[in-house]
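Please read them with the structure open.

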Amino acid sequence: MSGKIVTLDDATFDEHVKASEVPVLVDFWAEWCGPCKMIAPILEEIAQEHAGKLEIGKLDIDNNLDVTRRYDVMSIPTLILFHQGEPKVRLIGAKPKGQLLQELADYL
């Protein structure tokens, strides 16, 4: 992972997402998830291209059950965009970069 993507966990999630001055796109993923690995490089690109306007965080669902349950993440990858600490957009499944950017456009 690049320095542009933040690793989140149950202990740091609330503090990080609520304190962020820019929207935070959280990738709920797991090591064993093929589609999660497919979108990882896309998220890297988005993190670099939109640095300062959008932050991307990754949360491993296997090791962070509290946050995973709180946001009812049932399938992965699930991407949830938080703005001012509140969930605004939920995307489920691996999507191409263009479609991700289109669905996030209101917050970029």
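This is a predicted model: local features need pLDDT of at least 70, side-chain atom pairs count only at pLDDT 80 or more; totals for chains, interfaces and linings use all residues.

The points below go from the overall fold to the cores and then to the backbone.

1. The chain has 4 helices and 5 strands. Along the sequence they follow the pattern β-α-β-α-β-α-β-β-α. The radius of gyration is 12 Å, close to the 13 Å from the globule rule for 108 residues, so the chain is as compact as a globular protein of that length.

2. Extent and contacts. The C-alpha atoms fill a box of roughly 30 × 30 × 25 Å along the principal axes. Buried residues account for 45% of the 108 residues. Take the contacts between residues at least 6 apart in sequence: 68% of these join residues at least 24 apart.

3. The accessible surface comes to about 5,700 Å². Carbon and sulfur atoms hold 50% of that area.

4. Largest nonpolar core. This core has 18 residues. Phe 13, Val 26, Phe 28, Tyr 71 and Ile 76 touch the most other members. Helix H1 (13-19), strand E2 (24-29) and strand E4 (78-83) are the elements that each give two or more residues. E2 supplies the largest share, with 4 residues.

5. Second core. A separate core of 15 residues is also present. Leu 43, Ala 47, Leu 54 and Leu 100 are among its members.

6. Tyr 71. Which residues does Tyr 71 contact, leaving aside neighbours within four places in sequence? The partners are Phe 13, Phe 28, Ile 80, Phe 82, Pro 87 and Arg 90.

7. Cis peptide. Most peptide bonds are trans. The bond from Ile 76 to Pro 77 is cis, with omega near 0 degrees. Pro 77 sits in the loop between helix H3 (65-70) and E4. Ile 76 is also one of the residues that touch the most other members of the largest core.

8. Asp 72. Most residues other than glycine have a negative phi. Asp 72 is not a glycine, yet its phi is positive, at about 50 degrees. Asp 72 lies in the loop between H3 and E4. Its relative accessibility is 49%, so Asp 72 counts as partly exposed.

9. Gln 84. Here too phi is positive in a residue other than glycine, near 55 degrees. Gln 84 is in the loop between E4 and strand E5 (86-92). Is Gln 84 buried or exposed? Gln 84 is exposed, with a relative accessible area of 65%.

Conventions:
Residues are numbered from 1 along each chain as its sequence is written. Side-chain values use heavy atoms; hydrogens and water are left out. The radius of gyration is taken over C-alpha atoms; the globule rule is 2.2 Å times the number of residues to the power 0.38. Buried means under 20% relative accessible area, exposed over 50%, partly exposed in between (1.4 Å probe, protein chains only). Contact means heavy atoms within 4.5 Å. Accessible areas come from the Shrake-Rupley method with a 1.4 Å probe; for residues, only the protein chains shown count as cover. A nonpolar core is a set of buried Ala, Val, Leu, Ile, Met, Phe, Trp, Tyr and Cys residues joined through side-chain atoms within 4.5 Å.
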